[in-house]
Amino acid sequence: MSGFLKMLRSRKIAIAGLAFLGFIVLMALLAPLVAPINPLDMDPANRLLPPGKGHIFGTDNFGRDIWSRVVYGARTSLISSVGVVLFSVSIGIFVGLVAGYFKALNAPFMRLIDVMMAFPSLLLALVLMTIFGRGMVNVILAVGITYLTRTTRIVYGMTLKLKEEVYIEAFRSAGASDLRLLLKHIFPNLTSPVIVQATFTFAFSLLDMASLDFLGLGLPPEIPSWGNMLSEGSIYLARAPWMLLIPGLFIVLTVLSFNLVGDVLRDQVDPRFRHDIKGV
Amino acid sequence: MPSDILLSIRGLKTHFSTPVGIVSAVDGVSFDLTRGETLGLVGESGSGKTVTALSVMQLYAKPQGRIVAGKILFEGKDITAMGEKDMYNIRGNSISMIFQEPMTSLNPVYTIGRQIVEAIRAHRAIDKKEAWAIALEALKQVGIPDPERRLRSYPHELSGGMRQRAMIAMAISCKPTLLIADEPTTALDVTIQAQILQLLRELKETMGMSMLMITHDLGVIAEVADKVAVMYGGRIAEYAETASLFASPMHPYTRGLMDSIPDIEKESAQLYSIPGTVPSLIGETKGCRFANRCPRALPRCTEEAPELVEAAPGHLVACWNRLGAGDEGPQDKRSSEAEPQSRRMTKGEGAQP
Amino acid sequence: MLKFVLRRIVGMIPSLFLVSVLVFGFVHLIPGDPIQILLGDLATPEQVAAVREEMGLDKPIWVQYGKWIAGVVTGDMGNSIFFGQSVLSVIGNRAETSILLALLTLLLILFIGIPVGYLSATRYGTKLDQSISGISMGFASIPTFWLGLTLMTFFAVKLKWLPSSGFPSIFQSGNWGNLRYLILPAITLSAPNSALIIRLTRASMLDVFKEDYVRTARAKGLREPVVNVFHVFRNSMNSLVSALGFTFAGLVSGTVVTETVFSLPGIGKLVVDSVLRRDYPVIQGIILCIALLYMAINLLVDIAYGWLDPRIRYS
Ligand SMILES: Nc1ncnc2c1ncn2[C@@H]1O[C@H](COP(=O)(O)OP(=O)(O)OP(=O)(O)O)[C@@H](O)[C@H]1O
Ligand SMILES: [Mg+2]
């Protein structure tokens, strides 16, 4: 951790990223305080107002306050990304560990994961959404499944390497049980690479979920989310470009911040595993 | 300065800036290499031998690495003051270098022939066919069997010894005046080591080259070197004719190195090794860098760094309390050595920062 | 070499089987009755039963699978519910747009990604390198559709330099000028993917810089550009090629979004439309084709690997 702090100091831009993430999280947590106007309140008399007094980011096609929607949208977006990360990481760790550690399970599990990778992530998410139907939990599941493959492969690869390490062998011959080896000796080594991967998953799932919203296959339109705001904004891009610009900037900055922090974290990871992690 | 000195290094300091501080890998090295001779540069792992050689080639890691002081005179011209353009003409042409790791020092995706031809055509304005002929000649010279076929082989198809021969062929293809061999035999089997050393010695004679032989093995020095420079912690501890050094080592470190050569005839149960570890090269050090491990250390040694001075004709040493004739050395230490695992000075043992 | 390829193809059979099962199973996982959807809400139960029998959906599932896979092998993937035509011809009609867009994008990615990544790696640690890294990370963080819409607003709506949407077929009209319809989409699609290739090229070259043989190459007296191109870049190509599958997947995801943004009559838009129309046979056909294409690309990657690296070629 101290290495991470040192690294941060040498890359000032990552500090900015971290600060921005802190800002977004605070904003999401304190939504009712920072955005007193109800994000769902329509005001047809004040449609498509440009940014200015009263509505700092303007209003949308229903006269709803864009700042409020951005704030509540941050909530939605962060919660769904956290959901995707938790889902994909927990399943990924489990499958990767088991498939990597028990030789008999290598082939069947990893074959399935390889085959899943043959379906590009957004396409797979689209297809899953047709099965599940629109909704927040469903989006988390659909996107979570597409990101599961990456975490699984990383954990699998690391487990394979760690299993061969001398000290693990030593514990095994000293009579340590499989469960104990997995939990006490292999798992702790996985945490930092998995955290790095989780950071990138966070960033990219945010993008993918925004795309799903835009395509009309993500969250139901009435939920304020950055993706849904963009989807509506795209219709009014000539008349009210701020509807598109503002939520877009929030997505870009959030994703960028995650990527910057992820980059610094990755450089901290044990070089043996650095190559397994797929950020951009 | 007499003109029979081919390479003369004076007060060379090569430092690296790293996240943990400045590493003074080479910190005031001076020695001379006489034309036609072989100079052995010997020292433990991490003592700065490779960095010294790479400084001569101007190939130390840049931009972290920097020559902060000193001169490297090659044929009277200062290499440290030369630009990249001039260095292109020196590297692989008048000074060639071979490395420790024959397994990784050749590019796996090109044939041996292509890699040698590339070296030749970097310095000679000749066409491919002529270059191939020279490459073939070089392979013959280093004793590779079936050289026509080997030119078309990829590195992975050759054994370690053969690859090192190919490296040597590449190094001599432009008939250099100086050949730097950085631990050329360390990674090889014992029998092959002897063959490679023999080959280098012959080539040096037939081609009239001079050689800088880097090693951590005094046995190699005894076999090939005319003069020896003993290196410790980025500095030269002792510099002498090989015979003189073996007959009467003056630096306690040199003595320690000699004592740690396994003596097969004596069958001593335990191998002597110098106690302690190589010092950290980070930051400034006051005094002699060997002081903390030295059996003869005086209070002065930790205060003031000793200069390299001529203690006997042609025999230079940097020590405040050098061994005179008849000195016994750390014989008592040998018996009291308590560590069960004796440590040898092999690759990777030094404390790396 | 031939043996190696054959072995790889045989090794792919279990994966192919799994892919086909997943694609086939997908329709059966969808809640609701596909026949009802096919016939509409007004169909009587008798009609539904009749069609079900006609299509063989009353048979056991493995019989249905057998029938389906037999069809797929002969190029018959059923009929589109919406168009009534065969799935293959529906996809075929849309292929021109997607293929042209993909080629154009690939060209941009390669001609931007590799040289810029090379520049960044050879100027490692300089201001230039840092700016390139920063900019490429920025591009990787932009949602594709947002970039597309923004470019469209600016270059098509405001400046009117380029058309904002649609793509009249070149194949039918013979008018290559129509390519201008694909310029903005290709830029949109290539932005995040170029960023990926830039970072990949840079990272893999930086790895190779540390290799001993690079030091050997310098010690031979080769000039820096020669070392960089023939030793560093050449050896980093392995990692670049192995990322091809990954790039393809990113390209497909991006195409779905980009074609929707620019209303291009391509396969990506077809997927989205089919999902919204619940045209399952078409969705099935497209994901099967893309999965097969992905596997074919990975096979090519393996072959290219052997071609690039003699250690693999001869073992
Ligand atoms: N690029 C670098 N950055 C930082 N420190 C370096 C660098 N290159 C070498 N060093 C340091 O310089 C010191 C001397 O290294 P050098 O490789 O010259 O030792 P050596 O005598 O050749 O040892 P060996 O027998 O292991 O080859 C070491 O402590 C090493 O860590
Ligand atoms: Mg060395």
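**Notebook: chains and helix pairs**

I started with who touches whom: 2 pairs of chains are in contact, and chains A and C share the most contacts. A reminder to myself that this is a predicted model.

Next I checked chain A against chain B. No contact joins these two, and their closest C-alpha atoms lie 9 Å apart.

**Chains A and C**

Back to the pair with the most contacts, A and C. I found that 45 residues of chain C and 43 residues of chain A take part in the contact. About 3900 Å² is buried between chain C and chain A, and 80% of that area comes from carbon and sulfur atoms.

How many salt bridges cross the interface of chain C and chain A? I got 1. I then looked up a salt bridge between side chains of chains A and C: A:Asp263 meets C:Arg199, at 2.9 Å from N to O.

**Chain A by itself**

I listed the secondary structure of chain A and got 12 helices and 0 strands. Read from the N terminus, its elements go α-α-α-α-α-α-α-α-α-α-α-α. For the dimensions, I noted that the C-alpha atoms of chain A fill a box of roughly 75 × 45 × 30 Å along the principal axes.

**A helix pair in chain C**

I picked helix 2 (residues 13-29) and helix 15 (residues 280-308) of chain C, which pack at an angle of about 160° with their axes 10 Å apart. Angles over 145 degrees count as roughly antiparallel, so that is how helix 2 of chain C lies to helix 15 of chain C. I also noted that their crossing is right-handed.

Which residues meet here? From helix 2 of chain C I wrote down several, including C:Leu16, C:Val19, C:Phe24 and C:Phe26. Among those they meet in helix 15 of chain C are C:Tyr280, C:Ile287, C:Leu288 and C:Met295. Sorting the contact of helix 2 with helix 15 of chain C by class gave me 13 nonpolar, 2 polar and no charged residues.

**A helix pair in chain B**

The contact of helix 6 with helix 7 of chain B splits into 8 nonpolar, 3 polar and 1 charged.

Terms used:
Residues are numbered from 1 along each chain as its sequence is written. Chains are lettered from A and ligands numbered from 1 in the order in which they are written. This is a predicted model: local features need pLDDT of at least 70, side-chain atom pairs count only at pLDDT 80 or more; totals for chains, interfaces and linings use all residues. Side-chain values use heavy atoms; hydrogens and water are left out. Axes are lines fitted to C-alpha atoms, for helices over the stretch in contact, and angles run from 0 to 180 degrees between N-to-C directions. Helices (H or I, at least four residues) and strands (E, at least two) are DSSP runs, numbered from the N terminus. Angles under 35 degrees count as roughly parallel, over 145 as roughly antiparallel, 65 to 115 as roughly perpendicular and the rest as oblique. A crossing is left-handed if the near helix is turned anticlockwise from the far one by less than a right angle, and right-handed if clockwise. Contact means heavy atoms within 4.5 Å. Ala, Val, Leu, Ile, Met, Phe, Trp, Tyr, Cys and Pro count as nonpolar, Asp, Glu, Lys and Arg as charged, and the others, Gly among them, as polar. Buried area is the accessible area (1.4 Å probe) that two parts lose on being put together, summed over both. A salt bridge is a side-chain nitrogen of Lys or Arg within 4 Å of a carboxyl oxygen of Asp or Glu.
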